[in-house]
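I opened my notebook for a friendly walk through one structure. Here is what I looked up, entry by entry.

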Amino acid sequence: MEIGKRPTKARLGILALLFIAVAINYMDRANLSVAGSAIQSQFNLSATELGILFSAFTWSYTIAQIPVGILLDKFGPRLLYGAAITIWGLFTFIMAFSSQAVFITASASFAFLILCRILIGIAEAPAYPSNTKIASLWFPNKERARAISTYSSAQYIGLAIFTPVLAIMVANIGWESVFYFSGGIAVVYGFVWYAFYRDPKDSKKVNQAELDYIKNNGGYNPDVDGTKQAENVSWAEVKYVVKQRKVWGIFIAQFAASSTLYFFLTWFIVYLQKGLNLSIDKAGFIACVPYLMAMAGVLIGGTISDDLLKKGKSTTFARKCPMVVGMVISAVLCLANFFEDSPTIAVGILSIAFFANAASNLGWVAMSDIMPKKMMGTVGAILNVFGNLSGILTPIVFGTLLQATNNFHLAMDYIAAIAFFGAIGFLFVVDKLEPIDLTKMPKDSI
């Protein structure tokens with residue numbers, strides 16, 4: 001590590017690695033949505049069964065969050081994240097095998113698909129806790145929301161780029177090709193991540209000036225972020241933190257915002273095909289519009305929040321403004337019910353809703369504002385549990401309502417209602433977004 005007069009910009013290279021990882025992560029989550037209708041037809045699945053298949057990923061993903069968070073705090077993101085990317089890519093790749101003759105019945109193929117999605121969920125569990133831990137180490141407070149928004153935007157850019165490609169592959173090659181393609185990319189990138197990522201203390205591309213800049217503005221601090229510090233996280237501390245009112249407000253908001261996100265990750269392409277009567281290739285291209293709008297939304301939300309901080313507004317106001325307003329506006333997606341015969345208008349409404357939902361995607365930022373850094377893996381994992389409970393419920397509830405009513409209306413109303421509930425919850429449950437001081441823990445709990 002060389003000491004230089006001018007700070008280096010090594011953190012921008014880290015941001016690029018995170019950006020690519022997130023793009024691949026969401027491609028491998030959403031590829032099933034693109035192939036969903038074809039799989040449903042081949043294996044004669046009901047809407048509820050398809051919803052269960054969409055949901056299977058988040059069963060294990062959610063359960064694995066807390067154990068993975070503990071491992072992350074102990075071992076760091078380089079090895080854990082790199083291995084995770086390669087493993088989820090491998091299980092994505094072999095999903096394509098479910099159409100092979102070795103599976104004698106459609107039920108056996110369906111069970112194999114569910115098993116693969118469960119294993120992918122376990123493998124992807126380290127992703128967002130790792131992202132947030134890395135952001136809290138590498139980026140000072142005044143840059144963190146923008147950094148998190150930048151790599152979060154990759155999920156939408158990845159979807160916008162890859163969804164049309166995957167849709168064309170389904171239409172012209174077969175749905176199996178989707179999993180060969182997206183899984184293969186992830187396997188390779190896992191090795192790339194391990195080769196290039198380093199924590200600040202281990203990086204050869206960062207100089208002392210950049211480390212000082214990060215440290216002096218609330219980022220990596222060698223005095224408290226050393227490798228041994230993670231071992232000092234106690235369950236008493238976790239219990240104390242999770243009892244905080246503001247933490248529960250963030251949990252509620254994360255659940256609500258993720259409910260809208262999971263609609264777009266699972267049922268959205270099916271809605272375009274069956275609700276708006278579009279072919280798979282047209283649905284793939286039209287899906288780009290809301291995905292690109294969401295990309296703009298997540299960048300604008302983070303930028304607005306950081307700019308409010310720079311103008312002297314409180315952290316509470318700077319985070320609440322885009323989060324609450326965004327979730328309220330995202331509830332307009334229910335209006336698409338009135339324009340099923342006008343796909344252009346319906347997609348326009350959904351684009352506005354997804355833009356607003358993405359602009360409210362600051363739950364991880366709010367958590368990084370208040371959380372002791374040594375606990376970001378553990379408590380960040382709990383946050384991810386709440387966010388991904390919606391990933392369990394949303395696909396199944398949506399599919400059940402669709403099957404019961406034989407239309408998308410009530411299912412879309414459900415997504416809108418959850419978004420509105422999240423806005424109210426974050427507005428009134430969160431009191432002040434300020435760092436949690438572990439020294440104020442009651443002595444009898446230490």
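**Ground rules.** I am working with a predicted model, where local features need pLDDT of at least 70, side-chain atom pairs count only at pLDDT 80 or more, and totals for chains, interfaces and linings use all residues. Residues are numbered from 1 along each chain as its sequence is written, and side-chain values use heavy atoms, with hydrogens and water left out.

**Entry: aspartate 306.** I found aspartate 306 in helix 14, residues 288-310; helices here are DSSP runs of H or I, at least four residues, numbered from the N terminus. Is aspartate 306 buried or exposed? Its relative accessibility is 1%, so I wrote it down as buried (under 20% relative accessible area, with exposed over 50% and partly exposed in between, using a 1.4 Å probe and protein chains only). Setting aside neighbours within four places in sequence, I listed its contacts as Lys142, Glu143, Ala145, Arg146 and Arg319 (contact meaning heavy atoms within 4.5 Å).

**Entry: threonine 316.** Threonine 316 sits in helix 15, residues 315-330, and counts as buried because its relative accessibility is 13%. Beyond its neighbours within four places in sequence, I noted contacts with Asp431, Lys432 and Leu433. Threonine 316 and leucine 433 are 117 residues apart in sequence, yet their C-alpha atoms are 4.9 Å apart in space.

Entry: For methionine 367, neighbours within four places aside, I recorded contacts with Val247, Ile250, Phe251, Met376, Val379 and Leu383.

**Entry: helices 11 and 16.** How do the axes of helix 11 (residues 245-266) and helix 16 (residues 343-359) cross, and at what angle? They come within 10 Å and cross at roughly 135° (axes are lines fitted to C-alpha atoms over the stretch in contact, with angles from 0 to 180 degrees between N-to-C directions). Helix 11 is therefore oblique to helix 16 (under 35 degrees is roughly parallel, over 145 roughly antiparallel, 65 to 115 roughly perpendicular, the rest oblique). Ala257, Thr260, Leu261, Phe263 and Phe264 of helix 11 meet Leu350, Phe354 and Asn357 of helix 16.

**Entry: cysteines.** My search of the whole structure turned up zero disulfides (cysteine sulfur pairs within 2.5 Å). Cysteine 116 is buried at 1% relative accessible area, while cysteine 321 is partly exposed at 29%.

Notes
Helix = DSSP H or I, 4+ residues; strand = E, 2+ residues; numbered from the N terminus.
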